[in-house]
Structure formats: C-alpha cells, structure tokens
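Please keep the sequence and the model open beside the text.

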Amino acid sequence: MTEATTVTFESKMMIDGELVDGESGMFANINPATEDVLGEVADASKADMNRAIDAARRSFDKTDWSTNRALRKRCLLQLHDAIESELEELREELILEVGAPRAVTHGPQLDAPLEDGLKFPARFIDCFDWETDLGDAVVSLTGVNSARRVWREPVGVVGAIVPWNFPFEVTINKLGQALATGNTMVLKPAPDTPFNATRLGRLIAEKTDIPAGVVNVVTASDHLVGEELTLSPKVDMISFTGSTAVGRRIMERGAATMKRLFLELGGKSATIVLEDADFATACLIGIGPLMHAGQACAAPTRILLPRSRYAEGVAILQGIYENIHAGDPQDPGTICGPVISAKQQQRILGYIRKGVDEGATLLVGSTEPPKAFDKGFWVNPTLFTDVDNAMTIAQEEIFGPVLVAIPYDDEDDAVRIANDSAYGLAGMVMSESTERALAVARRLRAGFIGLNGTAGYGADMPFGGYKHSGVGRQNGLAGFQQYTEIKSVAYPVN
C-alpha cells in the first residue's frame, strides 16, 4: 500500500437505504497475498437477503424509479463522481482483497470499467428507443385500424451475483445497465471480495439520490444465502457472472419462477497463430494467462501453433514464462499476483498434476507452490507443450496462470481444434493479413474475437459467450436491452 493512501473498509452491508449488520454476525476478509485478515464484514442470513429482496420489490412497485429517466440519469452520474472521489482508496482495496496487481487496476480491474461503466448507460437513457412506432394498420384479427407501438420497460427486480476475480468491473457494468433501464437490484458479492461492494453501498447511501431499496448490497459467507435470489418469486431476473457449474444451477433453480437470465460463464479461449504471423510479436499473446494469475474467464489459455513452426513458437513462449514470476501485487511491475484462496491454489495445482499424468510436457512451472513465499496463495507461471486438445488441461477451465501450447496441421485443423470445446467465450487470431484473420474469426464459435492482440471491450460493446460460456451479453445495446421487457400495444385510430 502506498503511504499516501489509507483504506477504510466498510463493514456494513446496505439494505433499504440503511447500512446494517448481518444476522449471522461477521466474517473475515483475507488478503490472498499475505493471508492477513483485512477486516470483518457483515454476514447476512437468508432472512437478511429476503429483507433486501422485499426492499427492492417495494421500491420497484411503489416508487417512480422505473419511469423517472431523468432521476436515473442523475443518480448514475452522481455515483460515478462518488466513486471517483475515493478512486485511490478503491484501488488499494482491490489490490488488498482481490490480490489484483497494481498494474491491472490501471486497466480492466478498475480504471477501464470506471471510465464508462456508468456514464455510457446514463447517456444511453436519452437515445434508447423506449418506444417504437410500427405505424397504423388494419389488424386482421379485429378489422380495426390500429396504431401499433412497442414499448421497452424494465424487467423488475434484478439479483446480481458477482465473482471475486474482477469484482468491481463486473459490478459496475451490472449496476449501470440494470439501473439505467429502471430496474431495482440486490447485489450479492463473492464472500472472498466483499469490501469493494460495501464501499459502493455506502457511497450510494451517502452521496447519491438513489432512493432507498433501489440498490441493496448483501454480503454473506454462505453461498446459499445468494441462492435466495434465484428461488424468490419476487426477483424477476438473475444477472450472474461466474462458473458454468453455478450457472447451470441458477438455471435449474430459477426455472420454477421463470427467471430472466444473463449468465456470463467460463471459457477456454484459443489463440490461433497462423503460419504467416510475425512470431516474435504474435507469440507475446501467450502472456495473457499470466495477467492477474490467469483469473479471467476470457484469458487466452490455449495457444495453437502451426506444426511447421511449433518449435519456434514454443521457444518464444518458454522465454516469456521463464522470465515472469508470481510477485507482490503492490509492486507496479507485477502482472502475476496470488490466486484468491487456498482452495483455488490446490485446484490449479491439481490440474497441473493432471496435465503431467496425461502426458503433456511441463516445460515451465511446477506441481508445487513457489518457494519464494512463506504465506499467501501462489502458483508458478506454467507452460505445457506437447498438448493434445483432448487432454483435461485443454478442455477444462483452470483459472490459473497456465498456458497450453497445441500444434495444428493447417488452417482447417486450427479452426477445428479451437471450436472443439464446450466453451465459446473468446478467441484470438494472429496473422500478418487482417483479411485472413477476419476470415478465420468468422469460423470460430465464440462471442468475442480479438485480432492481432486487440481487445475491443467496453461499455458500448457486447460481451458474452456461445455454448457453455453463457446466455446473453454484458454491455452495449444488447446488454442494455436484456434488462428490459417488451410490451406490444395497439389502440384504435380513425
């Protein structure tokens, strides 16, 4: 932590506009780099969660939040300014509780989503087609000349369930679009990273005109407390970012009440390096799984190299992985920090052992934690070669600093391997020819494709996956629309 910035953690959650304690007491928040207890936070019960749901339901049904667009726009911009006023405290908080490298907070962990995560949907309120005129027509069913309109209205109460890897980024994008469209919300952060969410709760309560109950922040050590959102008939939609396994459970539990769903789930993204690429730069994309210790759903964790140049590509990747080490997230030069918990550390190490057992070559890395740290949850940057795409390490999401290098024969083979996955979140193509890279991108079954190292991600661009990588999109017009219902209206005209 820098000497100039002192962090004050918010221990209380927010329900119905009030900062409150939890019925289940408190639970500890652990720094993953040191295993130190950062502080304690309110531990909600199921009854607390249902009080929050009731508050959100009441504020949607009995206030003008859903119809007062001017108020919503003003409140979103107030919240943006409030966050900006505590930006450096929030940055330190994310480094401490997430283990996010300081460098990553200046990009996707904090600065990038804050730039437009609230401002874009606030502006979009004024230009969105809340009403579409389909023109007058004689309706064949009645023979009456009718005016026909299509209205967009908010879904209602949204249960937002947020993961621990990029908690602020995910939260701000859910908040911005759900609130801009007139919904109310119950936010359930991951128990591993609650403080950034309780900070938002305090800022909403103290520095915005957001009415009581419109946003509720419920922290709990018990994951089943969050499941109340999925089960409650008072909640109209679940907006979830996390693992595919949990996403399936949400779909199952929400079916009884016909929940609307946005599920942004796991990935096993492939980078295809075509044989015409400049390998000296193209293979640098292999650094991707080291950013934030590979704890990113869209991390490019499979790199596909042409068999004719496989040894050349592997040599470049080996040089990268041998020269980047897990390090203190406070150090501005660190890109690979700790993983979030002992459980995740053991899970990742288990995958590494599985890769060795299945016959892949562990070229860089170890089946054991780094020896440089006495405490904390660390995994060595790990590079596997001689990988067959059928291996477990090529098929399952590891969520750690692990890259697998897979050879391919020709372009068709590369596309086949890239698409041979249950997931379809993201992918990359590296080529000297933009036209060729675009042609390959069209053949990939994934929701986001970056060419030659680009990542067109922002509040105006939809992000989400095919197949087991989810349902719906975050951000952009598509993301904005998914927080709305469609109402068709007709009435007689002369």
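Leu 383 has Leu 403 of β16 as its bridge partner. That bridge belongs to the pairing of β15 (residues 382-385) with β16 (residues 402-408), which is parallel and counts 3 bridges. The model is predicted.

**The seven-stranded sheet**

- The open sheet that holds β15 and β16 has 7 strands, ordered β14-β15-β16-β13-β12-β18-β19, and its pairing is mixed.
- Its edges are β14 (361-364) and β19 (448-451); each has a single partner strand, so one side of each has no neighbour in the sheet.
- On average, and with direction ignored, neighbouring strands of this sheet are turned by 25° against each other.
- Helix α13 (residues 342-357) lies across β14, β15 and β16, and runs at about 25° to β15.
- Helix α16 (residues 434-443) also packs on the sheet, where it touches β12 (270-273), β18 (426-430) and β19.
- The direction of α16 makes about 165° with that of β19.

**The three-stranded sheet**

- A further open sheet is built from 3 strands in the order β5-β6-β22, with antiparallel pairing.
- β5 (131-139) and β22 (484-492) are the edge strands; with a single partner strand each, one side of each is therefore left without a neighbour in the sheet.
- From one strand to the next, the twist averages 20°.
- β6 (residues 144-154) pairs with β22 in the antiparallel sense over 9 bridges.
- One of the residue pairs across strands here is Arg 148 with Ala 490, the latter in β22.

- Strands β3 (residues 26-30) and β4 (residues 37-42) run antiparallel and are joined by 5 bridges.
- Asn 29 has Gly 39 of β4 as its bridge partner.
- There are 6 residues between the strands of this hairpin, and Glu 35 takes a positive phi near 70°.

**Helix α2 against α6**

- Helix α2 (residues 69-85) packs on helix α6 (residues 119-127) at an angle of about 160°, and their axes are 9 Å apart.
- Angles over 145 degrees count as roughly antiparallel, and α2 and α6 are therefore roughly antiparallel to each other.
- The crossing of these two helices, α2 and α6, is left-handed.
- On the α2 side the contact is made by Arg 69, Arg 72, Lys 73, Leu 76, Leu 77 and His 80.
- On the α6 side the contact is made by Lys 119, Ala 122, Ile 125 and Asp 126.
- Sorted by class, the contact of α2 with α6 has 5 charged, 4 nonpolar and 1 polar residues.

**Helix α2 against α8**

- α2 also meets helix α8 (residues 195-207): the axes come within 10 Å and cross at roughly 120°.
- α2 and α8 are therefore oblique to each other.
- The crossing of α2 and α8 is right-handed.
- α2 contributes Gln 78, Leu 79, Ala 82, Ile 83 and Ser 85 to this contact, while α8 contributes Leu 200, Leu 203, Ile 204 and Lys 207.
- The contact of α2 with α8 divides into 6 nonpolar, 2 polar and 1 charged residues.

**Helix α9 against α10**

- The axes of helix α9 (residues 223-231) and helix α10 (residues 244-254) cross at roughly 45° and come within 8 Å.
- α9 and α10 are therefore oblique to each other.
- α9 and α10 cross in the right-handed sense.
- From α9, the contact residues are Leu 224, Glu 227, Thr 230 and Leu 231.
- From α10, the contact residues are Arg 249, Ile 250, Arg 253 and Gly 254.
- By class, the contact of α9 with α10 has 3 nonpolar, 2 polar and 3 charged residues.

Note on methods:
Residues are numbered from 1 along each chain as its sequence is written. This is a predicted model: local features need pLDDT of at least 70, side-chain atom pairs count only at pLDDT 80 or more; totals for chains, interfaces and linings use all residues. Side-chain values use heavy atoms; hydrogens and water are left out. Two strands pair if DSSP finds at least two bridges between them. Helices (H or I, at least four residues) and strands (E, at least two) are DSSP runs, numbered from the N terminus. Axes are lines fitted to C-alpha atoms, for helices over the stretch in contact, and angles run from 0 to 180 degrees between N-to-C directions. Contact means heavy atoms within 4.5 Å. Angles under 35 degrees count as roughly parallel, over 145 as roughly antiparallel, 65 to 115 as roughly perpendicular and the rest as oblique. A crossing is left-handed if the near helix is turned anticlockwise from the far one by less than a right angle, and right-handed if clockwise. Ala, Val, Leu, Ile, Met, Phe, Trp, Tyr, Cys and Pro count as nonpolar, Asp, Glu, Lys and Arg as charged, and the others, Gly among them, as polar.
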